[in-house]
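Dear colleague,

Please find below the structure that I promised to pass on to you. My notes on what was found in it follow directly after.

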Amino acid sequence: DGNVVEQIVAEGAGEPEINGTYNRRKSHDSLPSYYDRLCPVFSKSGLWEGEAVNFFIYRFKPNEFWCIARTPSKQESSKQYSVAFYINDSIKNAKLPPKSDWRVTFGGNHPALQLKW
């Protein structure tokens, strides 16, 4: 299907570790329940403060906003949720994340990023 997005590139984020290519995950297995199962999830591996973590682009189910976050590090393993950097609620019910209009949240730094595919 030509309409299926397999990769998303994040660029221009003030948090440089966020930038890069995210690949569409084949399943939602092992992901937290707050990841919306009706939308694709994109991920990439990376480092955060020297520790291997995963970064995700996903739609947050309870509020239906898109989020770019990372898994908690070993030191943060008691956290229930991922650490969010950027959010976007500009388009409700979108099946793909918006390409622009991202906002910085408590975990991120300015400027906010752009997505392309």
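I begin with R59, which counts as buried at 4% relative accessibility. Please bear in mind throughout that this is a predicted model.

**Salt bridges**

The charged side chain of R59 has a partner: R59 forms a salt bridge with D36, and their closest N and O atoms are 2.6 Å apart. D36 is buried as well, with a relative accessible area of 7%. Since R59 belongs to strand β4 and D36 to the loop between β2 and β3, the pair ties together parts that are 23 residues apart in sequence.

In total, the structure holds 4 salt bridges. Another of them joins the side chains of K26 and E6, at 3.7 Å from N to O. K26 sits in the loop between β2 and β3, and E6 in the segment before β1, so this pair links parts that are 20 residues apart in sequence. K26 counts as exposed, at 77% relative accessibility, while E6 counts as partly exposed, at 39%.

R103 and D89 also form a salt bridge, with 3.1 Å between the closest N and O atoms. Here R103 lies in strand β7 (residues 103-104) and D89 in the loop between β6 and β7, so the pair ties together parts 14 residues apart in sequence. R103 is partly exposed at 41% relative accessibility, and D89 is partly exposed with a relative accessible area of 32%.

In soluble globular proteins, nonpolar side chains tend to be buried together. In this model, the largest nonpolar core has 20 residues, of which I18, Y22, I57, I68, Y86, L113 and L115 touch the most other members. At least two residues of this core come from each of β1, β3 (42-48), β4 (51-60), β5 (65-70) and β6 (83-88). β4 supplies the largest share, 3 residues. Another core, of 12 residues, lies apart from it and includes V41, F60, F65 and A84.

L113 deserves a separate entry. Not counting residues up to four places away in sequence, L113 touches A10, E11, G12, A13, I18, I68, Y86 and W102.

**N19 and its surroundings**

N19 is found in the loop between β1 (7-11) and β2 (20-24). With a relative accessible area of 24%, N19 is partly exposed. Once neighbours within four places in sequence are set aside, N19 is in contact with A10, E11, G12, A13 and K44. A polar atom of the N19 side chain lies 3.0 Å from the backbone nitrogen of A13. As for F60, its C-alpha atom is separated by 20 Å from that of N19, and the two residues are 41 apart along the chain.

Which residue holds the cysteine sulfur nearest to that of C39, and how far away is it? The structure holds 0 disulfides. C39 is in no disulfide, and the nearest cysteine sulfur is that of C67, 13 Å away. Seen from C67, the closest cysteine sulfur is in C39, and the 13 Å between them is too far for a bond, given that a disulfide requires the sulfur atoms to be within 2.5 Å. C39 is buried, with a relative accessible area of 2%, and C67 is buried at 3%.

With kind regards

Note on methods:
Residues numbered from 1 in each chain as written. Predicted model: local features only at pLDDT ≥ 70, side-chain atom pairs only at ≥ 80, totals over all residues. Heavy atoms only, no water. Helix = DSSP H or I, 4+ residues; strand = E, 2+ residues; numbered from the N terminus. Buried < 20%, exposed > 50% of the residue type's maximum accessible area, 1.4 Å probe, protein only. Contact = heavy atoms within 4.5 Å. Polar contact = N/O pair within 3.5 Å; in protein donor to acceptor, adjacent residues only side chain to side chain. Core = buried A, V, L, I, M, F, W, Y, C linked by side-chain atoms within 4.5 Å.
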